[in-house]
Protein chains: 2
Amino acid sequence: MITHNIIGFQQSATSGKYIYATDPAMLATLPEAFATATAEETDRAVSKAHQAFNIYRKIPGTRKAEFLHEIAKGIEDLGQVLIERIMQETAYPEARVIVERNRTCAQLRMFAAEAISGGWKTVTIDPALPDRTPAPRPEIRKMMIPLGPVVVFGASNFPLAYSTAGGDVASALAVGCPVIVKAHDSHIGTNALVAEVILEAARKTGMPDGVFSSLNGDGMHTGQQLVLHPLTAAVGFTGSKQGGRALFDLGQQRENPIPVFAEMGSVNPVFIFPGKVRSDSKGLAGQLVASMTMTVGQFCTNPGLLIALKDHHTEAFLDELAIALKVIPEASMLNHGIYKSFHRGVAAVREVNGVIMLHDHQSSEGLRTAPVLATVPADVFLAHPQLHHEVFGPFSIIVLCENMDEMLSVAGALEGQLTATVQVSDDELTETQPLIDILIYKAGRIIMNGVPTGVEVCAAMTHGGPYPASTDSRFTAVGHHAVQRWLRPVSFQNFPANLISGMTND
Amino acid sequence: MITHNIIGFQQSATSGKYIYATDPAMLATLPEAFATATAEETDRAVSKAHQAFNIYRKIPGTRKAEFLHEIAKGIEDLGQVLIERIMQETAYPEARVIVERNRTCAQLRMFAAEAISGGWKTVTIDPALPDRTPAPRPEIRKMMIPLGPVVVFGASNFPLAYSTAGGDVASALAVGCPVIVKAHDSHIGTNALVAEVILEAARKTGMPDGVFSSLNGDGMHTGQQLVLHPLTAAVGFTGSKQGGRALFDLGQQRENPIPVFAEMGSVNPVFIFPGKVRSDSKGLAGQLVASMTMTVGQFCTNPGLLIALKDHHTEAFLDELAIALKVIPEASMLNHGIYKSFHRGVAAVREVNGVIMLHDHQSSEGLRTAPVLATVPADVFLAHPQLHHEVFGPFSIIVLCENMDEMLSVAGALEGQLTATVQVSDDELTETQPLIDILIYKAGRIIMNGVPTGVEVCAAMTHGGPYPASTDSRFTAVGHHAVQRWLRPVSFQNFPANLISGMTND
């Protein structure tokens with residue numbers, strides 16, 4: 001395992017400072033000492049990325065695809081070494097890790113296909129009109145070009161799919177942007193394994209020195225320096241609102257502001273119509289509990305907020321939820337910070353007058369946690385904005401409304417969300433219109449009779465949403481269109497066609 | 001003429017404070033007293049726009065198109081009243097005003113066609129895969145939706161095409177966003193005439209109260225309040241870097257940041273290859289002088305920087321430029337602020353050691369100005385960043401390079417630009433590649449053997465560019481794709497088709 005910083009094709013460890021990974025299940029410090037990056041090393045990584053950019057962006061899409069395929073193959077070839085390291089650093093069960101590994105490789109191959117097709121260039125041509133009066137029109141041809149070096153901050157909860165070789169990295173590399181990854185402290189060994197795969201893949205497929213770097217963070221300094229570096233062109237981040245907003249602010253306050261795409265999670269409200277509760281209380285409870293507790297609730301699309309009418313059908317439904325939750329075993333959370341923040345969040349909810357804990361959990365061994373479920377009357381919820389924020393982990397709160405109007409008020413009071421879900425019986429479908437009218441201005445994705453977890457990687461996906469779900473609701477972090485975050489248009493007026501094609505070598 | 005603020009279908013003038021338009025050619029204050037907006041009126045305009053939004057966005061595209069057509073017709077029907085008011089407020093010659101009037105109406109009709117086609121929704125569908133294993137895929141359907149109320153700050157130099165019914169307003173209205181215009185002080189009477197046209201068009205075509213408002217600014221307060229208003233969804237601005245950046249910063253520092261599209265102009269470098277100077281020195285000089293001096297140089301695509309090799313062919317070319325400039329008559333600039341800023345900018349250039357004035361102008365009657373042309377050696381230019389900034393008006397500086405490498409260094413040292421132009425003979429075309437490689441990272445549009453002025457309104461246009469040309473190089477302010485500034489995607493998962501179509505009524 002490379003415990004140094006990887007700066008292009010070099011390894012570097014000059015700080016004399018080291019950080020260590022933790023096994024959250026055992027609360028044990030893992031043995032490898034990872035050298036933190038110095039300011040000079042950080043600068044070197046970005047400068048190399050800038051130099052590599054001028055070569056890399058002109059490499060044909062077919063060769064960029066080879067690079068991405070080689071990364072996918074390298075990740076698969078790591079086999080159990082990688083799987084076990086991830087399990088050790090995250091306390092995730094093996095099946096969960098394998099699903100994420102397969103998704104990561106599928107994403108790399110999907111973006112490789114995008115690199116080959118060149119569809120991301122979205123060429124628009126207005127042909128010349130030489131005979132137009134009063135003035136002829138020259139040909140104008142617009143195409144997208146890559147922005148430049150991209151800095152990626154990995155996600156604590158997706159050590160592969162949204163980290164070192166995850167969606168942000170793969171989409172940036174596919175369209176010609178070199179990447180500098182700031183390794184997540186929480187799975188810094190996983191990062192090292194994957195970064196080495198990318199390093200070897202770059203060498204093997206003849207990519208330029210600097211197309212990829214991986215830095216171990218020195219507290220917040222490394223990340224801040226990366227966002228402020230004059231040669232950084234864009235930033236991808238997945239994590240907390242506090243962290244994402246801080247990086248966004250740094251990016252916007254630069255002399256030349258840059259795009260900072262921070263995906264900061266949400267409570268993912270699920271609106272439950274009375275007919276649905278009446279007709280399938282048990283099925284619905286099972287579906288929701290599975291979504292709420294998957295991976296100890298550590299999904300950014302975890303349904304943290306359920307909204308239902310206060311009636312006796314809902315009472316029965318709450319019983320079903322409590323029964324389904326009882327059999328969910330305790331499991332370790334990702335790290336100490338997340339564990340503490342979860343219990344602090346739940347404690348703050350518990351203190352609100354009117355909140356009733358349906359299924360509670362206060363403490364157990366290490367970072368182990370069981371799901372927590374509470375209810376609150378809608379008027380109390382509306383009067384307490386602190387109940388509207390995400391508690392990252394296996395926590396959900398059910399808002400009980402007197403009537404549909406109150407349900408609409410709750411919808412209108414929500415912050416921006418990644419998703420919003422409507423659970424409804426077939427004969428209530430048309431009644432959902434006023435609610436959906438509100439929800440499209442609250443969320444990036446609206447789900448009918450499903451659960452928010454399980455984000456499809458496809459062209460029609462929007463993973464993003466109004467602030468604070470993300471800092472830029474106009475883009476998606478998942479799916480084919482994720483490449484659009486790293487592009488801008490340029491128009492060529494009156495250009496010979498061979499000059500334009502020479503520019504991209506495709 | 002309505003001298004009050006127009007707030008939806010109401011007129012309002014509660015401040016007791018008034019501002020007046022100026023005739024720049026005569027330096028005379030015009031008689032109409034325009035009531036400035038109070039904080040309450042400003043809030044009312046945005047609140048009304050928000051209420052109107054929920055109705056307006058669902059109005060079918062064909063009816064939005066009727067509204068836009070009615071505005072275009074209303075502007076044409078104003079005839080000489082409008083033409084003369086613009087001439088009076090801008091000192092533009094009639095021909096220039098008529099061209100802009102026609103362009104404005106053409107833009108309104110172009111965006112009306114976009115409203116009818118609904119192409120801006122760019123629907124993407126991933127069909128359901130019910131038999132997929134391990135889990136079936138639901139149908140996911142992505143489409144763009146309008147952001148909400150848009151605030152538009154008009155441009156001093158385009159009283160019609162980039163002001164009250166200009167490109168920003170027409171593109172926002174076409175896709176369902178209500179608009180609040182902050183009238184430009186410099187042509188506040190023109191604004192009043194056009195705002196009344198929009199008001200009447202909205203009434204006549206049955207648009208909701210609040211779909212359009214026009215406020216007369218109370219100093220900077222009105223603009224700041226509009227950008228900070230919680231219900232404002234996006235901002236369009238055309239003007240100075242100082243003004244644009246201030247509004248951008250306000251927009252990003254909000255609790256929920258919003259897109260602020262500021263188009264802040266540029267120096268629009270023109271790189272002249274030696275073969276072009278040799279083969280067509282006189283033709284080139286004539287073409288460039290026309291572009292430099294059109295409308296007293298008051299275009300954001302005005303070529304303010306020429307870069308050529310220092311040789312005897314260029315000497316002859318400079319003589320041709322000076323000769324062509326001599327016959328350009330003095331003319332009045334748009335307003336006192338622009339006039340003062342122009343002469344302050346030129347004075348700062350004049351002071352730099354190494355700058356030689358080829359054609360100078362210091363003062364004359366009122367705001368009248370003649371073009372100014374200077375030369376500077378490339379090494380001096382490179383050492384003086386203050387020479388890189390825009391001097392808005394009929395000023396250009398020619399950078400003389402020792403060789404092509406120095407020309408590339410000048411290109412590399414430039415700030416972000418709206419445009420960059422390459423003037424080259426046919427047999428030098430392939431030699432331009434290294435320069436164009438740099439320029440695509442400096443500008444939004446690259447022009448081969450043309451001039452930067454004369455921005456085509458078409459689908460392939462990019463009017464925007466890296467900072468400080470604009471605050472967001474990923475979008476264009478001109479052409480069909482200008483609508484993309486006011487949109488974001490939302491994905492519908494597992495939705496019955498009739499529920500989605502019911503959402504937009506198209």
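**View 1. Strands β1 and β2 of chain A pair side by side.** Strand β1 (residues 5-7) of chain A pairs with β2(A) in the antiparallel sense over three bridges; two strands pair if DSSP finds at least two bridges between them. Look for A:Asn5, which stands opposite A:Ser12 in β2(A). Helices (H or I, at least four residues) and strands (E, at least two) are DSSP runs, numbered from the N terminus.

A note before you go on: this is a predicted model, in which local features need pLDDT of at least 70 and side-chain atom pairs count only at pLDDT 80 or more, while totals for chains, interfaces and linings use all residues. Residues are numbered from 1 along each chain as its sequence is written, chains are lettered from A and ligands numbered from 1 in the order in which they are written, and side-chain values use heavy atoms, with hydrogens and water left out.

**View 2. Chain A holds an open sheet of seven strands.** Follow the order β2-β1-β11-β10-β9-β12-β13 (chain A), where the pairing is mixed. At the edges stand β2 (10-12) and β13 (260-263) of chain A; each has a single partner strand, so one side of each is left without a neighbour in the sheet. On average, neighbouring strands of this sheet are turned by 20 degrees against each other, direction ignored. Axes are lines fitted to C-alpha atoms, for helices over the stretch in contact, and angles run from 0 to 180 degrees between N-to-C directions.

**View 3. Two helices of chain A lie across strands.** Helix α4 (residues 167-174) of chain A lies across β9 (150-153), β10 (179-183) and β12 (234-238) of chain A, and runs at about 170 degrees to β10(A). Helix α5 (residues 188-204) of chain A lies across β1, β10 and β11 (212-216) of chain A, at about 160 degrees to β11(A). Contact means heavy atoms within 4.5 Å.

**View 4. Helices α2 and α6 of chain B pack together.** The axes of α2 (residues 61-90) and α6 (residues 188-204) of chain B are 9 Å apart, at an angle of about 160 degrees. That makes α2(B) roughly antiparallel to α6(B), a term for angles over 145 degrees.

**View 5. Chains A and B are two copies related by rotation.** A rotation of 180 degrees, with 0.0 Å of shift along its axis, superposes chain A on chain B (RMSD 0.0 Å). The two copies are thus related as by a two-fold rotation axis. Copies are superposed by least squares on the C-alpha atoms of residues with pLDDT of at least 70 in both. Of the residues of chain A, A:Gln252 comes closest to the rotation axis, at 3.5 Å (C-alpha).

Definitions and conventions:
Angles under 35 degrees count as roughly parallel, over 145 as roughly antiparallel, 65 to 115 as roughly perpendicular and the rest as oblique.
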